[in-house]
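Hi,

Here is the structure I promised to pass on to you. Have a look at it first, and my notes follow below.

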Amino acid sequence: MKKLFEELVSNANIEFNNTNDLVSLEQIKSKFLGKEGSVTKLLKNISKIKKEDRKQFGIYANSCKSQIENLLKNRRNHISNVYLNDKLNKEYIDVTLPGRGFLGGSIHPIMITWARIEKIFHSIGFDVADGPEIEDDWNNFTALNNPIDHPARSMQDTFYLDMNDNYGKKLLLRTHTSPMQVRYAKSHKPPIKVISPGRTYRVDNDSTHSPMFHQVEGLWISEDISFANLKFIYINFLRCFFEQENLDVRFRPSFFPFTEPSVEMDMMFKTGPNKGKWLEISGAGQVHPNVIRNFGLDPEKYMGFAFGSGLERLTMLRYGISDLRNFYEGDLRFLSQIK
Ligand code: DAH
């Protein structure tokens with residue numbers, strides 16, 4: 001009798017060990033412990049056993065059942081472990097590898113400058129105005145006291161469109177933000193206090209010029225605004241922009257048709273390969289009476305100043321950059337250094 005049970009246990013052991021998957025293991029289990037399984041069947045026969053042997057039979061049967069259950073549990077654990085280890089090996093991830101994440105974007109250096117300028121001038125009461133990049137001859141040149149055929153026009157060669165304005169003049173890509181003086185002054189009442197940053201175009205390309213570039217125009221017209229105010233406002237703007245008290249800035253006499261007197265402002269590089277060199281950053285001056293008249297205002301009553309500064313130039317000085325074309329080559333090694 002004992003042998004019979006021992007055989008059952010050893011058969012179950014052999015069969016369990018022959019399978020490597022959990023589904024067939026459960027099928028084998030039912031061969032022994034299921035309703036029709038051999039252990040169950042044996043137990044059903046207990047009534048046929050002699051009375052005096054029944055107790056022993058019961059002990060053997062129960063121990064056989066629990067041994068088989070133990071074997072089953074062990075095999076189940078074994079198969080699960082093998083499966084898990086296999087999966088871990090196959091799906092191994094080297095957590096020390098650098099990630100393949102996307103690079104975070106950043107704001108273009110010129111746009112950082114643009115935003116800083118707006119913030120500074122806005123904080124001292126200047127309106128911020130936006131204007132068209134396609135201009136007509138009147139706003140870009142004539143109204144700014146720059147008549148047709150005047151030699152000063154050749155300083156600003158630009159791109160013309162195959163489209164005329166209402167006066168038969170070719171439309172053009174604005175050569176400066178100064179036309180915004182005219183547009184803004186004609187549609188607002190004095191005191192006029194505005195800046196207008198934006199894109200401008202010229203047929204130029206070297207280390208300090210690109211065919212598309214950015215300027216910010218400033219205009220303050222009232223009854224008593226003079227060149228002295230320009231100096232004060234502009235120098236303090238530069239101090240805020242560069243976050244430095246002591247800047248090397250100089251005003252040089254110059255000529256622009258729309259201002260009288262006119263100046264050019266230069267600033268010295270404090271860092272970078274151009275350290276110690278001057279760079280022109282702005283034109284400026286007292287607005288010419290003819291231009292005030294073209295604003296629709298009386299030059300006997302109104303006066304003021306204007307300036308037009310290069311955003312690329314200011315950015316070059318701030319970060320010590322020697323070639324403006326870097327801004328437009330899309331090289332992330334360059335762009336990502338400026339935050
Ligand atoms: N528009 C001029 C240029 O692009 C710069 C300039 C000079 C602007 C004098 C002004 C000004 O407003 O008053 O070269």
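A definition to start with: a salt bridge here is a side-chain nitrogen of Lys or Arg within 4 Å of a carboxyl oxygen of Asp or Glu. Please keep in mind that this is a predicted model, where local features need pLDDT of at least 70 and side-chain atom pairs count only at pLDDT 80 or more, while totals for chains, interfaces and linings use all residues. Residues are numbered from 1 along each chain as its sequence is written, and side-chain values use heavy atoms, with hydrogens and water left out.

Searching the whole structure gives 17 salt bridges. One of them joins lysine 90 to aspartate 86, with the closest N and O atoms 3.1 Å apart. The two are four residues apart in helix α4, so about one helical turn separates them. Helices (H or I, at least four residues) and strands (E, at least two) are DSSP runs, numbered from the N terminus. Lysine 90 is exposed, at 66% relative accessible area, whereas aspartate 86 is partly exposed, at 38%. For these words, buried is under 20% relative accessible area, exposed is over 50%, and partly exposed is in between (1.4 Å probe, protein chains only).

Another salt bridge pairs arginine 250 with aspartate 266, at 2.8 Å between the closest N and O atoms. This pair links distant parts of the chain, with arginine 250 in strand β7 (residues 249–256) and aspartate 266 in strand β8, 16 residues apart. Arginine 250 is partly exposed at 32%, but aspartate 266 is buried at 2%. Through shared partners, salt bridges join Arg250, Arg252, Glu264 and Asp266 into one network.

Strand β8 (residues 259–268) also holds glutamate 260. An unreviewed UniProt entry annotates Glu260 as "binding site"; such annotations may be inferred rather than shown by experiment, feature names are shortened, and positions are given in the numbering used here. Apart from neighbours within four places in sequence, glutamate 260 is in contact (heavy atoms within 4.5 Å) with Gln286 and His288.

Now for the helices. Helix α1 (residues 2–18) and helix α4 (residues 51–90) pack at about 10°, with axes 10 Å apart. That makes α1 roughly parallel to α4 (under 35 degrees; over 145 is roughly antiparallel, 65 to 115 roughly perpendicular and the rest oblique). Axes are lines fitted to C-alpha atoms, for helices over the stretch in contact, and angles run from 0 to 180 degrees between N-to-C directions. Helix α2 (residues 22–33) packs on α4 at about 175°, with axes 11 Å apart, which makes α2 roughly antiparallel to α4.

Best wishes
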